[in-house]
Amino acid sequence: MATIVAGAQTPPAPSRVTRATGDNAKAAPLVVKDEAGRTVEIPQPVKRIISLAPSVTETIYALGLQDRLIADTDACNFPPAAQKLPKVGGPFTPNLEVIVSMKPDLVVVAANSGNRKETADALDLLHVPTYATNANTVDDVLISIARLGDVLGAGEQGRALTESLRARLQDLHRRLEHTTPTRIFFVVWHEPLMSIGQDTYIADAMRRAGAESVIPIKEGYPRVSWEEVVRAQPEYLVFGSSRPEEITAMMANVRNLPGWRDLKAVEENKVLIINDGINSPAPRIVDAIEELARRVHPEAFVDVPLAPAGVAHATIELAKNAVPRAAVIAQ
């Protein structure tokens, strides 16, 4: 198996974007095929945006367009300023009546990471323009950022952002190209035990960090058996969370239970919490990739100082007297 995925290629320009003709050229909507293959007419200019997914909210802020964001969902908590926006419900259960009443120019959904197709279909029936992002790989994430920037009239910002992220990934590739992939088990949820499929953007992110999931299942976020994990004996358990104290407490509570206690990674305290950006197809996924790479391949970064640890990452010390709490992992 290759050590990591080769550097991403330049994303194609969103050439499928065209302008509808009409008597008033300035008022002509933007006609675009979104990332789910739907044809959408977007009123111009786009001044009022509602985001229905954390990845979308994060990307809009990264593009510098937060002043146009009039609402998002209860799950949108990054950056912290987004928590102050009006909320329209959860990603899976948004309040369509509230959305319509706010008269957005555009609602942006995440087709593969937070929203249901039925939501976009319902908004279409209500004549609310809805654009869907979609990402199955890290390359897709970068392409999606650029396309969303173009759709929102911020093409230059989108290209600058993706070029910066791409340069960081290429530097990682150079550093890691001769390393042996570290075998990891990425924990999406602990009860029931869930991990990542090989064809997800999270698994792709792991590969770019010089790691590989021990779970051979290709698609989605499967439930897995302890027998399978114990048989694989991963070198590390990896969590992505903004609340490391909750993961630490959870691990203290379960480390002596069947399955957990049979893993060498638990016995040796090789349990990592990394930036919760790994859970979202948005710009911070590159932060998480870099962080995981540093932690599993420190020898590749001897010439680069490690950034100060923040609340989003830690190496767990499995304290036996920690207060048990359920792990909360952002999706």
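I started with Val-138, which counts as buried because its relative accessibility is 0%, under the 20% cut-off. This is a predicted model, so I kept an eye on confidence as I went.

**Entry 1: the surroundings of Val-138**

I looked up where Val-138 sits, and found it in helix H4, which covers residues 138-151. Then I asked which residues Val-138 touches, leaving out those up to four places away in sequence. My list reads Leu-169, Tyr-201, Asp-204, Ala-205, Arg-208 and Ile-289. I took Arg-208 from that list and checked its spacing from Val-138: 70 residues in sequence, but 8.7 Å in space from C-alpha to C-alpha.

**Entry 2: H6 against H10**

Two names from the Val-138 list, Ala-205 and Ile-289, took me to the pair H6 and H10. A reminder to myself: two packed helices are described by the angle and the distance between their axes. I put H6 at residues 201-208 and H10 at residues 285-296, with axes that come within 8 Å and cross at roughly 45 degrees. H6 and H10 are therefore oblique to each other. The crossing of H6 past H10 is right-handed.

Which residues of H6 meet H10? I noted Tyr-201, Ala-205, Met-206 and Arg-208 on the H6 side, facing Ile-285, Ile-289 and Leu-292 of H10. Sorted by class, this contact has six nonpolar residues, one charged and no polar. I also jotted down that an α-helix has 3.6 residues a turn, so residues three or four places apart point the same way.

**Entry 3: H5 against H10**

Next I turned to helix H5, residues 155-176, whose axis comes within 10 Å of that of H10. The two axes cross at roughly 15 degrees, and H5 and H10 are therefore roughly parallel to each other. Here I recorded a left-handed crossing of H5 past H10.

From H5, the residues in this contact are Leu-165, Arg-168, Leu-169, Leu-172 and Leu-176. They meet Val-286, Asp-287, Ile-289, Glu-290 and Ala-293 of H10. I sorted the contact of H5 with H10 into seven nonpolar and three charged residues, with no polar ones. Leu-169 and Ile-289 take part in this contact, and Val-138 touches both Leu-169 and Ile-289.

**Entry 4: helix H1**

Is H1 enclosed or open? I found eight of the nine residues of H1 (residues 54-62) buried, so this helix is largely enclosed by the rest of the structure. The buried ones are Pro-54, Ser-55, Val-56, Thr-57, Glu-58, Thr-59, Ile-60 and Tyr-61. I traced what they pack against: strands S4 (49-51), S5 (69-71), S6 (106-110) and S7 (130-133), together with H4. After H1 comes Gly-64, with a positive phi near 80 degrees.

**Entry 5: the chain as a whole**

Of its 331 residues, 52% count as buried. Among contacts with a separation of 6 or more, 64% join residues 24 or more positions apart.

**Entry 6: where I would read with care**

Mean pLDDT for the chain is 86, and 83% of its residues reach 70 or more. Over residues 1-20 the pLDDT is below 50, though the model gives this stretch 54 contacts beyond near neighbours in sequence. Residues 308-331 stay under 50 as well, with 66 contacts beyond four places in sequence. Where pLDDT is low, the predicted coordinates should not be read in detail.

How values were computed. Residues numbered from 1 in each chain as written. Predicted model: local features only at pLDDT ≥ 70, side-chain atom pairs only at ≥ 80, totals over all residues. Heavy atoms only, no water. Axes fitted to C-alpha atoms, helices over the stretch in contact; angles between N-to-C directions. Helix = DSSP H or I, 4+ residues; strand = E, 2+ residues; numbered from the N terminus. Parallel < 35°, antiparallel > 145°, perpendicular 65-115°, else oblique. Left-handed = near helix turned anticlockwise from the far one by under 90°. Contact = heavy atoms within 4.5 Å. Nonpolar A, V, L, I, M, F, W, Y, C, P; charged D, E, K, R; others polar. pLDDT = per-residue confidence, 0-100. Buried < 20%, exposed > 50% of the residue type's maximum accessible area, 1.4 Å probe, protein only.
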